[in-house]
Amino acid sequence: MIDLHCHYLPGIDDGAQNLEESLALARAAVADGITHAVMTPHVHVGVFENRAAGIAQAVAQFRDALAQHGIPLRISAGGEVRIGSELIELLAAGELPFLGVLKQQRVMLLELPHGQVPVGADRFTAWLRKQGVLPLIAHPERNKDVMRNLAKLDPFIEQGCLLQVTAGSLVGSFGEVAQRRARELLDRGDIFALATDAHNLESRPPMLAAAHAFVAADAGEAAASALTQRNPGSLLEPTVGSGVPPPESPRTHSANR
Ligand SMILES: [Fe+2]
């Protein structure tokens, strides 16, 4: 399986705080069946001042450490970018990280504030799309506005933005409401990828297999593979991805629950 969202790089955000924790997370990911993980540290102006070049350097160092310790996890560089007007300048300066490329568009893992969908967020994503950036919205099922009203996502879906749901949400790790929203999005076929958003072994471990099993039981193995392998793999470079065929339409799932 391929994980598009996790926080393993040591000491650069609120994920792993040192190399030992990073390696432990990587071992846990491998044990869970993850073969490739995209490192997505927070890029949050004023909070976590990470930029594309520094993340790429940290990924290269961590890749060496994985090899030295014999941990069979492929990794690549990305970032979880917090929405904000500062991004306009950073995008122009080439300082923002992307997960990969899909249909000639650079895919950005875009994080909304947890408490709300900010007024104008859809205008911002529309602007990003005009710049050749395809937003993959991180864990919308855990956003408080979306938890209250799923229709808050409609403008983004209508624009063609992709949705990444946290694997743990689907199986209840983030509470009943997030689970309900995750399952509604699954039933509607609106999920592009499941990802772990793993931060640590204690409360936010790498966990993708349980969600894969849930989708497989509910909608079949092909639907599960689309969300944990085929779709996420489609935006990675062929050299680091798994050479998987192009993604299925996000609307692959129509079962009722
Ligand atoms: Fe995250």
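Good morning. I begin with a single residue: just after helix α4, G132 takes a positive phi of about 80 degrees. Please keep in mind throughout that this is a predicted model.

Let us turn to helix α4 itself, which spans residues 121-130. Which of its residues are buried? They include A121, T125 and L128. Why do these three belong together? They lie on the same side of α4, because the arc they cover around the axis is only 55 degrees. On the other side of the helix, R123 and K130 are exposed. The buried residues of α4 are covered by elements including strands β7 (105-111) and β8 (133-138), together with α6 (154-159).

The largest nonpolar core holds 73 residues. Among those with the most contacts inside this core are M108, L136 and I137. Helix α2, residues 52-68, supplies the largest share of the core, with 5 residues. Setting aside residues up to four places away in sequence, I137 touches L110, L112, F156, C161, L162, L163 and Q164.

My last topic is a pair of helices. Two packed helices are described by the distance between their axes and the angle between them. For α9 (residues 209-219) and α10 (residues 221-234), the axes come within 7 Å and cross at roughly 145 degrees. This crossing of α9 and α10 is right-handed. On the α9 side, the contact is made by H212, V215, A216 and A219; α10 contributes E221, A223, A224, L227 and T228. By class, the contact of α9 with α10 comprises 6 nonpolar, 2 polar and 1 charged residues.

Thank you for your attention.

Definitions and conventions
Residues numbered from 1 in each chain as written. Predicted model: local features only at pLDDT ≥ 70, side-chain atom pairs only at ≥ 80, totals over all residues. Axes fitted to C-alpha atoms, helices over the stretch in contact; angles between N-to-C directions. Helix = DSSP H or I, 4+ residues; strand = E, 2+ residues; numbered from the N terminus. Left-handed = near helix turned anticlockwise from the far one by under 90°. Contact = placed C-beta atoms within 7 Å. Nonpolar A, V, L, I, M, F, W, Y, C, P; charged D, E, K, R; others polar. Core = buried A, V, L, I, M, F, W, Y, C linked by C-beta atoms within 7 Å. Buried ≥ 20, exposed ≤ 12 C-beta atoms within 10 Å, placed from the backbone. Arc of directions from axis to C-beta.
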